[in-house]
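We will go from stop to stop, selecting a few residues each time.

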Amino acid sequence: PTSGTYKITNVGAGKCLNIYGSNVTSIRNHQNVCLWSDSGTNEQKWHITGIQQGAFIKSIVDLNYGLNVYRTGSPWNCDMYPIAGNETDSAVDFVQTTGGYKIKLHNYDLYLTAASSADGANVYWAASADSSYQVWRLDRV
């Protein structure tokens with residue numbers, strides 16, 4: 001993908017990457033990221049800074065916030081956090097694979113993973129697996 005706004009859909013679940021909440025107009029630190037049926041709402045629109053390594057996936061609700069790894073528990077959760085000053089835990093690489101991309105944390109060997117195909121299913125960072133729950137389709141909006 002080039003820099004722009006995208007809907008990010010999990011291939012295995014057929015659901016969109018979504019900021020937890022309804023009609024979200026602001027983001028708070030560690031707000032959870034989950035999957036949800038395609039609604040076209042701002043919770044499901046993401047600004048990607050480009051295909052380069054070390055890119056950022058930011059919410060269009062507030063471009064100061066992006067996908068982040070919450071480095072506690074097991075597995076490490078995917079949540080929202082300010083990118084500035086937190087680049088180590090926010091930078092991602094897009095790894096092309098059959099059917100889309102794997103989204104890998106740039107500074108860790110962990111991949112964005114959906115827990116299931118249910119609405120509200122958690123999204124977390126896990127070791128690479130041969131699973132469609134780690135494959136994401138990017139559609140420009």
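The tour begins with a strand and its partners, then moves on to salt bridges.

Before you click, note that this is a predicted model, where local features need pLDDT of at least 70, side-chain atom pairs count only at pLDDT 80 or more, and totals for chains, interfaces and linings use all residues. Residues are numbered from 1 along each chain as its sequence is written, and side-chain values use heavy atoms, with hydrogens and water left out.

**Stop one: strand β11**

Select residues 123-126, which form strand β11. Helices (H or I, at least four residues) and strands (E, at least two) are DSSP runs, numbered from the N terminus. Which side chains point which way here? Val 123 and Trp 125 point one way, Tyr 124 and Ala 126 the other way, and all are buried. Buried means under 20% relative accessible area, exposed over 50%, and partly exposed in between (1.4 Å probe, protein chains only). In a regular strand the side chains alternate between the two faces of the sheet.

Look for Tyr 111, which stands opposite Ala 126.

**Stop three: salt bridges**

How many salt bridges does the structure hold? There are four, a salt bridge being a side-chain nitrogen of Lys or Arg within 4 Å of a carboxyl oxygen of Asp or Glu. We will visit some of them.

Select Asp 119 and Lys 15, whose side chains meet in a salt bridge (3.1 Å, N to O). Asp 119 lies in the loop between β10 and β11 and Lys 15 in strand β2 (residues 15-19), so the pair ties together parts that are 104 residues apart in sequence. Asp 119 is partly exposed at 36%, while Lys 15 is buried at 15%.

Move to Asp 38 and Lys 7, which form a salt bridge at 2.8 Å, N to O. This pair links distant parts of the chain, 31 residues apart: Asp 38 sits in the loop between β3 (33-36) and β4 (46-48), and Lys 7 in strand β1 (residues 4-10). Asp 38 is partly exposed, with 47% relative accessibility, whereas Lys 7 is buried at 18%.

Finish at Arg 71 and Asp 89, a salt bridge whose closest N and O atoms are 3.0 Å apart. Arg 71 is in the loop between β6 (65-70) and β7, and Asp 89 in helix α1 (residues 87-90).

Methods: Pairing = 2+ DSSP bridges.
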